[in-house]
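Hello,

Here is the structure I promised to pass on.

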Amino acid sequence: MRFFETKRFPFSHPSYWLFSLLAVALSANQADAGLILEWDFSDNRGITDREPSAFSAAHLNGIDFYRGSGLTARAANGSFNSSGWGSQSSEDFIGFGIDIDPGYSLELDNLQIRTYSYFAGPGTVGLYYSGDNFTTPLYSIDQPILGFADRDFELSGFGELTGRVEFRLLEIGNESTIPSIPTQDVGRFGVANYRGGASVQFRGTVSSSIPEPSACLLLLGACLQLNRRRTRSLYRNQPA
């Protein structure tokens with residue numbers, strides 16, 4: 001006696017449903033792409049040592065905006081300001097980033113950020129990444145003499161990230177915003193909220209390789225049901 005007609009009715013086979021439930025369980029912890037981390041500089045006066053994140057998605061922690069030891073905080077409303085960029089030191093940077101909880105991964109979509117430079121501050125700044133020990137700029141930002149540089153950087157090429165991921169803003173070259181004038185220590189460079197008052201933010205997707213308890217229960221139930229159906233099938237096929 002043939003119990004399953006798998007060729008004619010594949011969707012009736014319990015293995016089909018088990019694999020379907022497995023796929024659901026493995027994807028249960030993947031959130032839709034969206035806002036995962038932001039910093040709000042609207043109440044910053046420029047002279048704070050660090051700027052903590054205003055929001056972080058579950059299983060993520062923002063790394064505070066901070067200055068390398070070669071820079072000095074400078075007053076400026078609504079921004080994270082600094083001077084001391086003329087020395088071309090590896091400690092002349094503004095850093096920030098993401099700590100990802102163990103068992104989780106992150107796929108970045110983009111970074112939205114605003115920067116500014118004046119008083120013979122850096123003319124060109126690069127966005128660097130800890131993945132290559134801050135060796136090669138991912139992007140460069142040409143700073144105007146007056147006003148802001150708003151950038152929306154595409155970061156989807158990283159793939160899945162885990163652990164600690166840090167970014168740094170470092171000067172490229174040594175020419176200030178004033179043509180033919182080297183960057184001066186008195187020059188200023190800082191980070192502020194994006195155009196329209198939007199926060200500095202990352203967007204992306206957080207995923208887990210560890211199923212949630214609800215997903216595990218779903219799989220357990222599917223396995224029990226499959227075992228029950230197989231047992232019943234064996235009884236039906238026993239000779240009279």
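Phe119 counts as exposed because its relative accessibility is 56% (exposed means over 50% relative accessible area, buried under 20%, partly exposed in between, with a 1.4 Å probe and protein chains only). Please bear in mind that this is a predicted model, where local features need pLDDT of at least 70, side-chain atom pairs count only at pLDDT 80 or more, and totals for chains, interfaces and linings use all residues. Residues are numbered from 1 along each chain as its sequence is written, and side-chain values use heavy atoms, with hydrogens and water left out.

Phe119 lies in the loop between strand 8 (104–118) and strand 9 (124–129); strands here are DSSP runs of E with at least two residues, numbered from the N terminus. Phe119 is not a glycine, yet its phi is positive, near 55°. Most residues other than glycine have a negative phi.

Ser180 also has a positive phi, about 70°, without being a glycine. You will find Ser180 in the loop between strand 13 (164–171) and strand 14 (188–192). Ser180 counts as exposed because its relative accessibility is 67%.

Now to strand 1 (residues 34–39), where 5 of the 6 residues are buried. Strand 1 runs antiparallel to strand 15 (residues 200–208), with 5 bridges joining them; two strands pair if DSSP finds at least two bridges between them. In this pairing, Gly34 sits opposite Gly204. Strand 1 also pairs with strand 3 (residues 55–56), again antiparallel, over 2 bridges, and there Leu37 faces Ser56.

Best wishes

How values were computed: Helix = DSSP H or I, 4+ residues; strand = E, 2+ residues; numbered from the N terminus.
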